[in-house]
Amino acid sequence: MSAVPAAPRVASAETDFGLLLVPPRARTGWRVVPARVAAMCAVELQKLRHDRTEVYTRAVQPALWLLIFGETFTRLKAIPTGGIPYLDYLAPGIIAQSAMFIAIFYGIMIIWERDSGVLTKLLVTPTPRAALVTGKAFAAGVKAVIQTAVVVVMAAVLGVGMTANPLRLLGVAVVVILGSAFFSCLSMTIAGIVLTRDRLMGIGQAITMPLFFGSNALYPVDLMPGWLQAVSRANPLSYQVDALRGLLIGTPSHLPLDFGVLTVSTLAGITAASSLMGRLAR
């Protein structure tokens, strides 16, 4: 028998070795943005992995709202909720509130990164500014989903009747992520305007309570005076709460409108924050 020539095998080995020396083709065009967004989101979530105390400490305030405010007003029956126990009515509002409180101070982190020089290094990379903002915004959304899971467990312990439908729970996660992404972009936009942590902290504290009380988180919109109803209709938090109530406890809601408003608000927030990101690095 004749020997099999070894040349093709050598050529194949050289070809395989050559692949190790040639870098993979860089992503171009539209493929760049999702990869960079995912990378920035992963970087932000690494911080939570190394320090989980934020999850535990932020669970205190929702617990107090449910235990004290919710239980008290359930006994008083002072707020008409259409036959729904007030604690059930309140729980989705507290979920939205806790998610907003996580996101609304996200701009402080951006200013800290500016002061430490991290933001300047990020802005000189090929990463689009919109991808940088989007990654941070959706990282805030993922943190808020974790917080939501904690609040849902607490509400279930208190006897709140919530759905166990996986599709509805997936919708809840999407709503929480969109709402948190918007409020984190709002915070980053304010950071790009005021440029200092002290000013941002003051503005954040000044707007969180009006956003919360000017929504339908605690009481129906019909009970509000006319001017506050107008504020509530312009408040993205109201649409987030409306969607969460419809998905979690099955109250009448306007899900297409809610998702539409949250999506448009998030895109507008990303655009605004991206346009001001360069101002922070000056």
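Tutor: Helices (H or I, at least four residues) and strands (E, at least two) are DSSP runs, numbered from the N terminus. The model is a predicted one, in which local features need pLDDT of at least 70 and side-chain atom pairs count only at pLDDT 80 or more, while totals for chains, interfaces and linings use all residues. Residues are numbered from 1 along each chain as its sequence is written, and side-chain values use heavy atoms, with hydrogens and water left out.

Student: What percentage of the residues in the chain is buried?

Tutor: Buried means under 20% relative accessible area, exposed over 50%, and partly exposed in between (1.4 Å probe, protein chains only). The chain has 282 residues, and the buried share of them is 43%.

Student: Is Thr208 buried or exposed?

Tutor: Thr208 is found in helix 10. Contact means heavy atoms within 4.5 Å; not counting residues up to four places away in sequence, Thr208 touches Met100, Phe101 and Ile104. Because its relative accessibility is 7%, Thr208 counts as buried.

Student: Which class of accessibility does Ala130 have?

Tutor: Ala130 is found in helix 8, and it touches Ile270 and Ser274, not counting residues up to four places away in sequence. Because its relative accessible area is 36%, Ala130 is partly exposed.

Student: How many Å apart in space are Ala130 and Met277, C-alpha to C-alpha?

Tutor: In sequence, Ala130 and Met277 are 147 residues apart. In space, C-alpha to C-alpha, the distance between Ala130 and Met277 is 9.1 Å.

Student: Which residues touch the most other members of the largest nonpolar core?

Tutor: A nonpolar core is a set of buried Ala, Val, Leu, Ile, Met, Phe, Trp, Tyr and Cys residues joined through side-chain atoms within 4.5 Å. The largest one has 37 residues, and those that touch the most other members are Phe183 and Phe212.

Student: Which helix gives the most to this core?

Tutor: Helix 4 (60–76), helix 5 (86–103), helix 8 (129–157), helix 9 (166–194), helix 10 (197–213) and helix 12 (236–248) each supply at least two residues of this core. With 12 residues, the helix that gives the most is helix 5.

Student: With which residues is Phe183 in contact, leaving aside its neighbours within four places in sequence?

Tutor: Phe183 is one of the residues that touch the most other members of the largest core. Leaving aside its neighbours within four places in sequence, Phe183 is in contact with Met100, Ala103, Ile104, Leu211, Leu237 and Gln240.

Student: Which residue follows helix 6?

Tutor: The buried residues of helix 6 (residues 106–116) are Tyr106, Gly107, Ile108, Ile110, Ile111, Glu113 and Arg114. The residue that follows helix 6 has a positive phi, near 90°, and is Gly117.

Student: Which residues lie closest to the centre of the largest pocket?

Tutor: On a 1 Å grid over the protein atoms alone, a pocket is an open set of points where a 1.4 Å probe fits, with protein on both sides within 12 Å along at least five of seven lines; lining residues have an atom within 4 Å of a point. The largest pocket has a volume of about 570 Å³, a volume being the space filled by probe spheres set on the points, which are joined across faces, edges and corners. Of the 20 residues that line the largest pocket, the closest to its centre are Asn216, Val221, Asp242, Pro252 and His254.
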